[in-house]
Protein chains: 2
Amino acid sequence: MAGTRRTTMSDVARASGVSRATVSFVLNGTANQTISEATRDRVRLAVAELGYVPHSIARALREGASRIVVLQVGGLPRGHALESFIDGLDEELAAAGHGLLVSYGDRSLESTGTLLEAVSPRAVIDLPALYSRPDRDVADGGWIDGLAAHAMTQVSFLRSRGHLAVAVAEPNRPDPVVALLAGHVRAAARELGMPRPRSVRVGETDTTARRLRAVTQDHRITAVAALTDDLAIAILAAMTDLGLTAPKDLAVIGFDDTRHGALWRPALTTVHIDARAFGRRAARNTLGLPADDTQPTPARVIQRASA
Amino acid sequence: MAGTRRTTMSDVARASGVSRATVSFVLNGTANQTISEATRDRVRLAVAELGYVPHSIARALREGASRIVVLQVGGLPRGHALESFIDGLDEELAAAGHGLLVSYGDRSLESTGTLLEAVSPRAVIDLPALYSRPDRDVADGGWIDGLAAHAMTQVSFLRSRGHLAVAVAEPNRPDPVVALLAGHVRAAARELGMPRPRSVRVGETDTTARRLRAVTQDHRITAVAALTDDLAIAILAAMTDLGLTAPKDLAVIGFDDTRHGALWRPALTTVHIDARAFGRRAARNTLGLPADDTQPTPARVIQRASA
DNA sequence: CCCATCTACTAAATCGTGTTAGTGGCGCTG
DNA sequence: CAGCGCCACTAACACGATTTAGTAGATGGG
């Protein structure tokens, strides 16, 4: 059992009485090569009988890259949208014979580099980098460009419910991605003629409560727009500790429709994003395939109890 | 820029005036090869100057496997423990020059197989398979074997708080892993002389509430042990809808110390597991390295408000 | 009848590394 | 001084696929 050699292209060639080159041509449907239908059948039969599977490493060595795409997530907020984005990416890549490898590289640059070197992926989608560069292309399927619209959906919902001034809940640690998201929320507020939203930085529960109280000294502020559902939940928890209830004392809206939001009491109102479609588009973009015609459905508000 | 060829071993050999083989011997410290120190230095200098990096694909082709380990997670409950397990695995593998690739393959078997084939990993750690086989080895660093003890920690905490009969919260969909976990909880209860715990299957919030009410008809039941924190939170949500409060009407304990548990009101009491240490041990096991002497710290209860 | 074109293939180079077998030179020993 | 062992290397094959260049034979046009 230990000595069973893997079946290679040479085996197939020998079994079907042709050369290795011919086998390759048949299997890859190489253009500008004429192979008779009879020969094609012989080759395909041999492949089936021997159970031949191409050795991807040999192929990668020859082609210069493996049929794998790496998605670098880094410290991006995890959640529903990211998972859906990954699902969409994976689906479309699989359809094109590629695999997806996700790297949550909080790790040092060196080890991530080693990993990338080891896989030699056909392409790398570096989401944090895409977020921070202003001159990004559409490698992410337009997701990030859509963020401005998503933020507008969130803020204009609050506006339509009669809130004239809002605060924005953001994570404690500084991060370019966070800054970008918060910037979109502020821009949306400005566009709607609302005062510049003050920010509530979310950390430990007690300090969060303190900060929340400080911000709500301004009695014009009647709602909080959170950059993620997790942040929204932290705000709701702080409110409970302060004896406030949503939406009566303060309305709260999240972003990204996570499982936990629906379970919270009061259930969290949030923004749902069709990230799967963005993932599919990102896949087609990175592989250089023609764009699909399916449009991502626009972001929509899931209205529950908290706002 | 496009035409820059990568620097190969031949380049290094030429630059240092030796053969490719010698370069390989020097870089890999091959045994039974005598190379003079002077030559070693010349080679190392050339490597540094040319910025040579070995081509992992070529190496993988030659060696038969890449320096990558794949962790298959499948449908396992995500959470804090899994993340820590992954972190520990990653640390230790990186220290040994290997990379970790995580596959959440809910996907069809075929595409996962293709991905594995494409990477040709040195080893595959298939957690769901490990969970379900009774004759598993210690490829997971003893994590799963520890689960019985973990369940005992959870149940005996409830017992020590005066709860004489408990229910167990488990997910709706049937799954061998779930069955295993639930079995441990039941075994722990039996060992403590408690009646066999009835199960509450957690689905949509309203049906969960209905099932919870049905189970708590039995007034001896005063606590719920949940297989994961997420399930515990779902129970707490259902309790809110039923007008019950924890821990007065029913105590709830989770498993795995997720972020959300601490935020919930009442804050969730849960079991914390040192999964990172299990990850490190798993890494050493799969690579065939001698076992480390660090023992995982035993599971402990994080007592908050809910139990 | 000759040349060109097309069909249906094949031989061999190539990707970059690891490793086995071998080789000249040198010192030492009997 | 033959013979042996040791040192410090090198030549060449192997891994398994892709792709370029080329070649017999059939067909067709003038």
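Author: In this predicted model, the surface near DNA strand D draws at least two residues from each of α2 (20-28) and α4 (56-63) of chain A, and likewise from each of α2 (20-28) and α4 of chain B. Among these helices, α2(A) supplies the largest share of the surface near DNA strand D, namely six residues. Around DNA strand D there are 29 residues, of which Thr8(A), Met9(A), Ala21(A), Ala58(A) and Ser19(B) come nearest. Sorted by class, the surface near DNA strand D has 11 nonpolar and 11 polar residues, with seven charged ones.

Chain B is superposed on chain A by a rotation of 180 degrees with 0.2 Å of shift along its axis, at an RMSD of 0.3 Å. The two copies are therefore related as by a two-fold rotation axis.

The chains also touch each other: 30 residues of chain B are in contact with 29 residues of chain A. On the side of chain B that touches chain A, at least two residues come from each of α4 (56-63), α5 (80-95), β2 (99-103), α6 (109-119), α11 (229-242) and α12 (259-263). The most is given by α6(B), with six residues. That side of chain B has 16 nonpolar residues, nine polar and five charged. Of the interface residues of chain B, 97% are also interface residues in chain A, so the copies meet through the same surface.

Helix α5 (residues 80-95) of chain A packs with helix α13 (residues 275-287) of chain A at an angle of about 40 degrees, and their axes are 6 Å apart. That angle makes α5(A) oblique to α13(A). The crossing of α5(A) and α13(A) is right-handed. From α5(A), the residues in the contact include Ala81(A), Phe85(A), Ile86(A), Leu89(A) and Glu92(A). On the α13(A) side, among them are Ala275(A), Phe278(A), Arg280(A), Ala282(A) and Arg284(A). The residues of this contact of α5(A) with α13(A) divide into 10 nonpolar, three polar and six charged.

Definitions and conventions:
Residues are numbered from 1 along each chain as its sequence is written. Chains are lettered from A and ligands numbered from 1 in the order in which they are written. This is a predicted model: local features need pLDDT of at least 70, side-chain atom pairs count only at pLDDT 80 or more; totals for chains, interfaces and linings use all residues. Copies are superposed by least squares on the C-alpha atoms of residues with pLDDT of at least 70 in both. Two residues are in contact if their C-beta atoms, placed from the backbone, lie within 7 Å. Helices (H or I, at least four residues) and strands (E, at least two) are DSSP runs, numbered from the N terminus. Ala, Val, Leu, Ile, Met, Phe, Trp, Tyr, Cys and Pro count as nonpolar, Asp, Glu, Lys and Arg as charged, and the others, Gly among them, as polar. A residue is near a molecule or strand if its C-beta atom, placed from the backbone, lies within 6 Å of it. Axes are lines fitted to C-alpha atoms, for helices over the stretch in contact, and angles run from 0 to 180 degrees between N-to-C directions. Angles under 35 degrees count as roughly parallel, over 145 as roughly antiparallel, 65 to 115 as roughly perpendicular and the rest as oblique. A crossing is left-handed if the near helix is turned anticlockwise from the far one by less than a right angle, and right-handed if clockwise.
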